[in-house]
Amino acid sequence: MSIARNITDLADRYDLLVVGAGPAGLAAAARAADCGLSVLLADENPAPGGQIYRAVGTTPVTRPAVLGAEYWKGGALLTRLAQSRAVLAPSCTVWSVAPDAAVGSVEIGVSLDGRARLIEAAEVILATGAQERPFPIPGWTLPGVMTAGAAQIALKSSGLVPAGRIVLAGCGPLLYLLAGQLAAAGATIVAVLDTTPRRNWRAAIAAFPDFLRSPYLAKGLALMAKARARLPFRNGVTDLSAEGEDRVTGVRVTRGGASETIACDTLLLHQGVIPGVNLSNAIGCAHEFDEDQHCWVPQVDQWFASSVPAVAIAGDGAGIGGAESAALRGEIAALGAAQRLGRLSREQRDAQAAPIRAALARSLRGRRFLDLLYKPAARFLAPPDDATIVCRCEEVTAGQIRDTASRLGVTGPNQMKAFLRCGMGPCQGRLCGPTVVELIAQAQGLSPAEVGYYRLRPPVKPITLGELAALPQSDAAVKAVVR
Amino acid sequence: MFRPITDADSGASLNFSFDGRAMRGRAGDTVAAALLANGVQACRQTPVSGAPRGPYCMMGVCFECLVVIDGVGNRQGCLVPLREGMRVETQAGRRQPEEIPA
Amino acid sequence: MRAPAGSADVIIIGGGIHGCSTALHCARRGLSVILLEKDHAGRHASGVNAGGVRQLARHIAEIPLSNASMALWHAIGDLVDDDCGFTSDGQVLVAEDEADLAGCRARVDDLALRGFHHEEMIDAAELRRLVPAVAESCPGGVVSRRDGAAIPLRATQAFKRKAASLGADIREGVQVTRVARDGAQWRVETGAGDFVAPRIVNAAGAWADRIAADLGEPVPLEVIAPMLMITARMPAFIKPVVILRGRKLSFKQFANGTVLIGGGYLGRAIRDENRTVLDWGKLAANAKTVWDLFPIMRGAPILRAWAGIEARMPDDLPVFGPSARHEGVYHQFGFSAHGFQLGPGAGAVMAEIIATGHSNVPIDGLGIARFTQTPASRTQA
């Protein structure tokens, strides 16, 4: 492996660009390089690992038990990449991916160290992973309110835990895992407020037998039982709001019809993860609404190729499956790309993929149970309180969106942008998109699938005007027509 | 406010400043992590209402940790590695025309 | 033949700002209207353009329509019950050097001879008063003080809503597949059934050539994708819209601080897929122009870039007015990336022509005959 630290270290063209150095991207890049492809693995973070294996090669956390055995498995993926011939570009942002079927290549806009450049790739694998599902409650914009994932990242990459009193709220495996990790690291957890709707059990129970035979059972259930026994869990939470003036000072919580305020210094929110679709959406890949996971996922075939030629999507970015399945999906996507580029015959590809597919099926077994059990309650998907901020960037509230949807008959999120500017700030809809869709669906009596999603535009991450102005110009000499 | 766990590898120490205040951070931290470790919760004001905001996702998604770094605005603090001598400032929210430097 | 799914006095094909405006003005005149839009109102050029409400630097042939439209823009809330985000802080054409400035003077003098006085020469001092952030080297320019900008999708949808409230039957998601004569009527075939009316308006934008071809009036319409980009909120530093005489640029800061950068650099339109592809090399040229002209913008984050799908005619002028071949057919398309400002007025003039056969606003030079008739037949006509 070699490392590109400068924009000039990049070649003009690669056989394969892999976006994102989490488990899927690491595995895809290594596998593709082993197949003889020239591979660039770009990640906007300073070190590879993605979020699940965040900083696994550089973490200051020395005691393995704090982060748990699953975390340290990521080290093997780094080693494998290091032994491959792939090029790793850390702190490298991919802001545009534009396939051109006519030319048979993909134009890639990248920025590294404050400079932008356009390069080419024959094939692209998006391994951009997941993000946490937005959790819009009153007060969630207050400093001191963060996602559970954020606290986990601070722990993994910097060995930091929140000082003072911590409240965790929400549902899903990551929340319970983090609670255990924070406790093991010596942090002070005053409450874990569980919002899992009780009736989810009814929907999930059918998927339970599969779960009993799944890898999740051993690691997940044991972990949770341990956390629940030791930590101040409170179940059946039906309402939440963060309180405070210019920072969070407490959480108002309702359960069993009664409300109380729990004082805290940090509130960590989490209600599952969803695919990060900004790049695949901006490329124009077809997406569909996954009812079980309750989120938009890109449509992919059995080689994880998207609807757009030369673009594949591996890992949690193509539907949530967890770290193990992400790496396996990365391998399969790499084999697909190698075959399309003529480095593997179909027979070779299929033979190499067969054992990986078997492992993938095993790794995904039982997933559905978790999806159904931890499906967020409706009120945490579409906040009933009108004053709750939905679009954090532009400070657009749930009430404004509901009103515009019903009074002006706005039926889609793209039209909503023109009226309220939701989704038009720097996060480009990542923190409001799912909620805006949910609110419109509610107001119009439609399903989220019918409402659709934002049409996203490149650059998928902002670039400065100066970076853009310094790119080679294709049409500088053209003069305006002025009359 | 965040604190290091007791048995973490403390690593090399770096000097930086936030709004003119001298601070110390750990080599390998991002700017956002270094700010949290120094007790900084709010690092920007929104351009809409001027409300204070601080790091929220720490993974480049939410753009709440925007700061000015060495005079360059709108940088995502959670993606930028801390360097010795960095000058970090609050990303100002609403600014009026008369505040524009000539 | 199928029984019609609907009939009206007028069928309008296309729910851009022009189709919606004509629907509104027809409804105001008491005509029954069906509007057929294949996507949703303002989905393409009308919803994603720069929102410039500009008389500045317009072709002479468009000025009467533009004047009629500007009067409506300045009372737009009265017309459509929504201010459409319209603000009027003028538009300024910046001369980058003395040669540019001389060209500006010739243009303003020519307009004055024709009786148009909306464009006004400005010297370096007035330029700097209007646009303080402009580079020192610019010697002056032209201002059109009543110009401004609006929010395109919001405006288009406001016209749609108002038209609907006056009884127009707006059908979105209905794609026209064929237009044909049916006795005294026109039959407009769609995936949702046939619609009939004695009069039809072709306001189908980048798809209008297909309707025109069905009618035996083929036109050399080019499908283009003008690109735009927008920044994060910046400190307020400029009020008027700025355009250039030499290089391509359209530059506008909204009240919320975001800056819209355009100027007519073209991406690639794939109209059958409702899709456009950006050309970053051209956007780089666009960005470099801003970098030169407004040093304050150099660190501005570009948040989004996009392109709309638009129709351009070879002479950059719209096709506007009655068909050259058929009774009851009217064309209103090909606005060549500067039709947004014309929308409100063009709809009023079109409705007047449909209802009365005549309008006092001259539309000479905009008829479809300039493309469909040979030079010889035009001389005879």
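Analyst: **A helix and its surroundings**

In helix 3 (residues 63-73) of chain C, the buried residues are C:Leu65, C:Ser66, C:Ala68, C:Ser69, C:Met70 and C:Trp73. Buried here means that 20 or more other C-beta atoms lie within 10 Å of a residue's own; 12 or fewer makes it exposed, anything in between is partly exposed, and the C-beta atoms are placed from the backbone. Helices (H or I, at least four residues) and strands (E, at least two) are DSSP runs, numbered from the N terminus.

A quick word on the ground rules. This is a predicted model, where local features need pLDDT of at least 70 and side-chain atom pairs count only at pLDDT 80 or more, while totals for chains, interfaces and linings use all residues. Residues are numbered from 1 along each chain as its sequence is written, and chains are lettered from A and ligands numbered from 1 in the order in which they are written.

Back to the helix: the cover over its buried residues includes strand 4 (52-53), helix 4 (76-80) and helix 10 (343-356) of chain C. Contact means C-beta atoms, placed from the backbone, within 7 Å.

Elsewhere in chain C, strand 22 (residues 319-322) and strand 23 (residues 329-333) pair in the antiparallel sense over four bridges; pairing takes at least two DSSP bridges between the strands. C:Val319 sits opposite C:Phe333 of strand 23. The two strands make a hairpin with six residues between them, and C:Gly328 in the turn has a positive phi of about 80°.

Now for the contact between chains B and A, which takes 38 residues from chain B and 41 residues from chain A. On the chain B side, strand 1 (2-4), helix 1 (31-37) and strand 5 (52-53) each give two or more residues. By class, that side has 22 nonpolar, nine polar and seven charged residues.

Chain A itself has 19 helices and 24 strands. Buried residues make up 60% of its 483 residues. Among its contacts between residues at least 6 apart in sequence, 70% join residues at least 24 apart.

Conventions
Two residues are in contact if their C-beta atoms, placed from the backbone, lie within 7 Å. Ala, Val, Leu, Ile, Met, Phe, Trp, Tyr, Cys and Pro count as nonpolar, Asp, Glu, Lys and Arg as charged, and the others, Gly among them, as polar.
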